[in-house]
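Subject: Structure handover

Hello,

Here is the structure I said I would pass on. My notes on it follow below.

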There are 2 protein chains.
Amino acid sequence: MTIRYPNGKSYIPKQPVTSSSKSHQYANRGMTLEEDLNYTNTYYLSQGIAVIHKKPTPLQIVKVDYPKRSAAVIKEAYFKQASTTDYNGVYRGRYIDFEAKETKNKQSFPLNNFHAHQIDHMKHVKAQNGICFVIVRFSLYDEVYLLDCSHLFHYWDQQLKGGRKSIPKSFIEQTGMLIKIGLHPRIDYIGIVDKIYFNETKN
Amino acid sequence: MTIRYPNGKSYIPKQPVTSSSKSHQYANRGMTLEEDLNYTNTYYLSQGIAVIHKKPTPLQIVKVDYPKRSAAVIKEAYFKQASTTDYNGVYRGRYIDFEAKETKNKQSFPLNNFHAHQIDHMKHVKAQNGICFVIVRFSLYDEVYLLDCSHLFHYWDQQLKGGRKSIPKSFIEQTGMLIKIGLHPRIDYIGIVDKIYFNETKN
C-alpha cells in the first residue's frame with residue numbers, strides 16, 4: 001500500500017533512527033536528502049553557524065479525540081499542498097529559503113518536482129531580497145548542487161510557453177555549484193551560500 | 001470535550017471562514033490574533049510588502065490509510081511541541097521571526113505562554129542577527145504590542161532564577177510599541193518593524 005502526497009510523491013512515515021531502521025532508510029534514496037539536510041541543519045544550529053529548519057508538513061485536521069489522561073489523538077486528517085518551500089531560516093541576518101529535491105534521472109532534472117505555488121513563493125522571496133535556491137541531488141551520481149532560484153524561474157517560465165520540461169544536468173553543472181558532501185556537516189551548503197551570496201571563500 | 005496541545009492550550013480546529021463560522025471564530029478570542037495575523041500576512045504578500053507565513057502545526061504521523069481513488073487519510077497522529085516560533089519570513093532581505101500570544105490578564109503577560117524551546121530558538125535567531133520579537137495582545141483592552149525578544153529573554157532568565165512569572169503590562173507599554181489596528185492590514189506590525197529595526201518612519 002503506497003501513501004502519496006498530493007503531488008504524487010510517496011509518503012514514507014518518519015521513524016526513529018535506529019541501527020536497523022537506518023539501513024532501511026538509506027536504501028530509500030527518497031528520504032536520504034531530507035535526512036542529510038536535517039542532520040546538516042542540526043549541525044549548523046549546534047555550531048552557531050545558521051538557524052535553518054524544515055517546515056512541518058501541512059495537514060488539514062478534521063477529527064480529534066481526547067482520551068482521558070492521554071494526549072489528544074488526531075483521528076482524521078489530510079495532506080495539504082504546501083504553499084511555500086520546505087526549508088527556511090536565517091544566516092548572518094539574511095533570510096534563507098530553499099527547496100530540496102532529488103532525481104534518479106541521468107541527464108536532467110524534471111520540473112515536475114515543483115508546483116506552481118512553490119515557484120510563486122520563491123519569486124516573492126526573491127522580490128524581498130531574500131536568498132533563495134534549490135538543492136538538487138542526482139542520486140545515481142550522488143552529486144548535490146545548489147542552484148539559485150533565478151535559473152529555476154527561467155526554465156519554469158519557458159516550460160509554461162511550451163519549452164522543455166526539465167533542466168539539463170549540464171546546465172546545473174555549469175551554472176550551479178557542487179556542494180561538498182561530508183560527515184559534519186553532511187551537505188555543506190552554507191559554504192556555497194558564502195561564495196554565491198556573500199562573495200566569500202572560506203578555507 | 002476539550003482538545004489540548006502539549007502545552008495545555010486548547011486546540012480549536014481551523015475551519016473555512018464562512019459568514020456563519022466567522023461570527024463563531026470572533027467570539028473565540030483565542031483564535032482571533034492568529035486569524036488577524038494571517039489576514040495581515042496575506043495583505044503584505046499581495047501588496048509585495050513582506051513574505052511572512054505561519055508554520056504548520058507539527059504532528060507525529062503514526063497511521064495513514066490510502067483508500068482507492070481517494071486522497072490519503074491520516075488515521076492516527078499526535079501533536080508535537082514546536083521547536084521554533086510560529087511565524088517567520090523575509091522583509092527587505094532581513095529575516096523576521098516572531099511568536100504571537102494573547103492574554104486576558106489586566107496587568108501582566110504570563111511567561112508560561114512560551115516554552116523553553118521557543119526561547120532557545122529566538123536566542124539562536126538573535127545570535128544570527130535576525131529580527132525577532134513577540135506580538136502580544138491584551139484582549140480586554142484590544143491592545144497589541146510588539147516587544148523585541150531581548151526583553152522577553154530578560155524576564156525569562158530572571159524567572160529561572162526565581163524572579164516573577166510574568167512581564168508587567170506597564171513595562172510592555174513603555175518598552176514595546178503599540179501596533180496600529182486597522183482593516184488593511186489588520187495588525188500593521190511591519191510599520192513598527194520599520195521604526196525599531198530600520199530606524200525609519202513612514203507616513
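One term first: two strands are said to pair if DSSP finds at least two bridges between them. E10(B) and strand E12 (residues 177-178) of chain B meet that definition, pairing in the antiparallel sense over two bridges. Please keep in mind throughout that this is a predicted model.

Strand E10 of chain B

E10(B) covers residues 143-148, and five of its six residues are buried. E9(B) and E10(B) make a hairpin with four residues between the strands. B:Asp142 in this hairpin has a positive phi, near 55 degrees.

How the two chains are related

In general, two copies of a chain are related by a rotation about an axis and a shift along it. Here, chain A is superposed on chain B by a rotation of 180 degrees with 0.0 Å of shift along the axis, at an RMSD of 0.0 Å. That is the relation of a two-fold axis. Of the interface residues of chain A, 100% are also interface residues in chain B, so the copies meet through the same surface.

The sheet shared by both chains

Four strands form an open, antiparallel sheet in the order E4(A)-E5(A)-E5(B)-E4(B). Its edges are strand E4 (59-65) of chain A and strand E4 (59-65) of chain B, each of which pairs on one side only. On average, neighbouring strands in this sheet are turned by 30 degrees against each other, direction ignored. Strand E5 of chain A and strand E5 of chain B, both residues 73-79, pair with each other over four antiparallel bridges.

The nonpolar core

The largest nonpolar core has 45 residues. Those with the most contacts inside this core include A:Phe114, A:Met122 and A:Leu152, along with B:Phe114, B:Met122 and B:Leu152. A:Ile167 is also in that group. What does A:Phe114 touch, not counting residues up to four places away in sequence? Its contacts are A:Glu99, A:Lys101, A:Phe109, A:Ile119, A:Met122, A:Val134, A:Leu152 and A:Trp156.

Regards

Technical notes: Residues are numbered from 1 along each chain as its sequence is written. Chains are lettered from A and ligands numbered from 1 in the order in which they are written. This is a predicted model: local features need pLDDT of at least 70, side-chain atom pairs count only at pLDDT 80 or more; totals for chains, interfaces and linings use all residues. Side-chain values use heavy atoms; hydrogens and water are left out. Buried means under 20% relative accessible area, exposed over 50%, partly exposed in between (1.4 Å probe, protein chains only). A nonpolar core is a set of buried Ala, Val, Leu, Ile, Met, Phe, Trp, Tyr and Cys residues joined through side-chain atoms within 4.5 Å. Contact means heavy atoms within 4.5 Å. Copies are superposed by least squares on the C-alpha atoms of residues with pLDDT of at least 70 in both. Axes are lines fitted to C-alpha atoms, for helices over the stretch in contact, and angles run from 0 to 180 degrees between N-to-C directions.
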